[in-house]
Amino acid sequence: MTDTPNSTKLEIIVPAFRMHSQSFTNALDGISEEIALQRIDQRTNHVVWMAGNLVNCRYWLAELLGLEDKDPNGELFREGRALDQSLNYPSLEVLKKNHALISPKVYHKLLQVTDEHLDAPCHFGMGIPFVKENVLNMIGMCIGREDYLLGQIGLMRKLLGLNGMSYDLDESLNY
């Protein structure tokens with residue numbers, strides 16, 4: 001069962017956020033640390049980079065919602081920073097723990113946030129004339145980024161010889 005957000009503007013965001021939490025777990029299921037660092041023809045990002053960017057999105061949402069938590073790996077992933085093979089990325093296990101730490105906090109803030117906060121200006125510098133630069137639209141962009149990253153991980157599963165991602169639900173995951 002989904003909790004009801006304070007703002008009706010988030011009625012579509014809250015279920016998407018919860019589904020992404022489920023999908024993050026399912027997408028990474030069965031991926032070893034070794035496989036998570038493999039690239040296809042040295043042209044793709046690796047799964048660790050993808051998962052790290054998704055976790056960074058969660059911390060980005062936390063900041064938008066007024067939480068003080070900072071991504072411990074933010075310098076590696078901020079603003080969708082490109083994969084750099086010379087850098088030492090965290091393990092998949094560390095990223096899973098970071099995701100499990102920040103996600104419930106963000107979820108509860110999504111339920112509590114007010115329309116006034118969602119309407120607050122939030123400059124994101126993309127200069128798109130039809131996108132109002134406010135907190136609500138930035139949250140929407142974060143959710144879109146998570147969709148993209150989950151799709152990339154799902155495709156990488158297949159390219160790495162793994163089964164496709166499961167859509168099984170873990171009913172104990174309440175964020």
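**A tour of contacts, cysteines and rings**

Select V131 to begin: apart from residues up to four places away in sequence, V131 touches F124 and N137, a contact being heavy atoms within 4.5 Å. The model is predicted, so local features need pLDDT of at least 70 and side-chain atom pairs count only at pLDDT 80 or more, while totals for chains, interfaces and linings use all residues. Residues are numbered from 1 along each chain as its sequence is written, and side-chain values use heavy atoms, with hydrogens and water left out.

V131 is found in the loop between α6 (115-119) and α7 (135-159); helices (H or I, at least four residues) and strands (E, at least two) are DSSP runs, numbered from the N terminus. With a relative accessible area of 21%, V131 is partly exposed. Buried means under 20% relative accessible area, exposed over 50%, and partly exposed in between, with a 1.4 Å probe and protein chains only.

Next, select C57 and C142. The cysteine sulfur closest to that of C57 is in C142, 5.4 Å away, which is too far for a bond. C57 is buried, at a relative accessible area of 3%, and C142 is also buried, at 0%. Across the whole structure, a search finds 0 disulfides, where a disulfide is a pair of cysteine sulfur atoms within 2.5 Å.

Turn now to the aromatic side chains. Rings of Phe, Tyr and Trp (its six-membered ring) pair if their centres lie within 6.5 Å; planes under 30 degrees apart count as stacked, over 60 as edge-to-face and the rest as tilted. The count by this rule is 2 aromatic pairs.

Select F17 and Y107 for one of them. Their ring centres are 6.3 Å apart and their planes stand at 20°, so the pair is stacked. F17 belongs to helix α1 (residues 13-28) and Y107 to helix α5 (residues 92-112), so the pair ties together parts that are 90 residues apart in sequence. Both F17 and Y107 are buried.

Move on to F77 and Y89. Here the ring centres lie 5.6 Å apart with the planes at 40°, so the pair is tilted. This pair links distant parts of the chain, with F77 in helix α4 (residues 74-77) and Y89 in the loop between α4 and α5, 12 residues apart. F77 and Y89 are both buried.

R58 lies over the face of F17, at 3.7 Å from the ring centre. A charge sits over a ring if NZ of Lys or CZ of Arg is within 6 Å of the ring centre and within 35 degrees of the ring normal.
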